[in-house]
Amino acid sequence: TRAIATIARAMKATPFMAVTAAFYAVLRDLTATDDLVLGIDSANRSWPGSDQLIGTFVNQLPLRMRSSVAAVPTFGALLEEVRRQCLGAYEHERLPFHKVVAAVSPPRRAGRFPLFQVKVTQQGAWNAGLALPDIQVVPTEVSEPVMDLDLMLDVSRETSRLRLELVYRPEVLDGETAAAWLDAVSGALRAGAADADAPLAPTLAACRDRTTVTRPVSPRDRR
């Protein structure tokens, strides 16, 4: 975690952007395309007075990743691209997602989320709990979350590490494949933290053959 934070800081990025870059690297390699749309969340509390309000104001932001980096990219190049896309999206975080959908007017299909089917989310301390007067608050994990996306990579910060959780639709993916993809993301992060200028191809190739869909299992995997 410290190494990832260090490389992200050196590139004026965040650990979340670093994880997103690693995830994008894996998806880019698996799909053999540079043109991908990933969804991220915005707390949407940049407007005056919002910090005094109770409630959820989360807005969804699509990132269209059309990387112009080399065919064999480095982690640093992908992180720079993700940083640029994230900052651009955050500049328009107050624009409601439904208005973006209306403006783009993509083909719609029942049961399919518009604009993107893959998302990266971030949480605070996952198991730290919340201290309130005379109230005990205990975090509870939902064992079988309802998914309206194909894939969602959740990033949360624990005491000394980043916790990555890949949630997926069992109709699309199986546990063995999900575990291989999560291993690939972790491997890309380690490789990037060790040397941001080194090509990621060897790291990604090591996990590429472990992606055969075999059987539907619980839509949850962790690292």
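Predicted model: local features only at pLDDT ≥ 70, side-chain atom pairs only at ≥ 80, totals over all residues.
**Overall layout**

Let's start with the whole chain. It has 6 helices and 8 strands, and along the sequence they come in the order α-α-β-β-α-α-β-β-β-β-β-α-α-β. Of its 223 residues, 42% count as buried. If you look at contacts with a separation of 6 or more, 69% of them come from residues 24 or more positions apart.

**Two helices against α5**

Two packed helices are described by the angle between their axes and the distance between the axes. Helix α5 (residues 175-194) packs with α2 (residues 15-31), and α5 also packs with α1 (residues 2-10). Here are both pairs:

| Pair | Angle between axes | Distance between axes |
|---|---|---|
| α2 and α5 | about 125 degrees | 9 Å |
| α1 and α5 | about 60 degrees | 9 Å |

Take α2 first. The crossing of α2 and α5 is right-handed. On the α2 side, the contact uses A18, V19, A22, F23, V26 and L30, while α5 brings W181, A184, V185, A188 and L189. Sorted by class, that contact comes out as 11 nonpolar residues, with no polar and no charged ones.

Now for α1. With an angle of about 60 degrees, α1 and α5 are therefore oblique to each other too. This time the crossing is left-handed. A3, I4 and I7 of α1 meet L189, G192 and A193 of α5. The class count for the α1 contact is 5 nonpolar, 1 polar and no charged residues. Note that L189 of α5 turns up in the contact with α2 and again in the contact with α1.

Is R169 buried or exposed? At 19% relative accessibility R169 counts as buried, because the cut-off is under 20%. Leaving out neighbours within four places in sequence, R169 is in contact with G111, R112, Q117, M147, L149 and D150.

L173 belongs to that loop between β7 and α5 as well. Its relative accessibility is 3%, so L173 counts as buried. Which residues does L173 touch, not counting those up to four places away in sequence? They are L151, Y168, A178 and W181. W181 is also one of the α5 residues in the contact with α2. D150 has already come up as a contact of R169.

**The two sides of α4**

Helix α4 (residues 97-104) has F97, V100 and V101 buried. Why do these three end up on the same side of α4? They cover an arc of only 100 degrees around the axis, so they share one side. As background, an α-helix has 3.6 residues a turn, so residues three or four places apart point the same way. The buried residues of α4 pack against β2 (59-66). H98, A102 and A103, on the other side of α4, are exposed. Just after the helix, S105 takes a positive phi of about 50 degrees.

Key: Residues numbered from 1 in each chain as written. Heavy atoms only, no water. Axes fitted to C-alpha atoms, helices over the stretch in contact; angles between N-to-C directions. Helix = DSSP H or I, 4+ residues; strand = E, 2+ residues; numbered from the N terminus. Left-handed = near helix turned anticlockwise from the far one by under 90°. Contact = heavy atoms within 4.5 Å. Nonpolar A, V, L, I, M, F, W, Y, C, P; charged D, E, K, R; others polar. Buried < 20%, exposed > 50% of the residue type's maximum accessible area, 1.4 Å probe, protein only. Arc of directions from axis to C-beta. Parallel < 35°, antiparallel > 145°, perpendicular 65-115°, else oblique.
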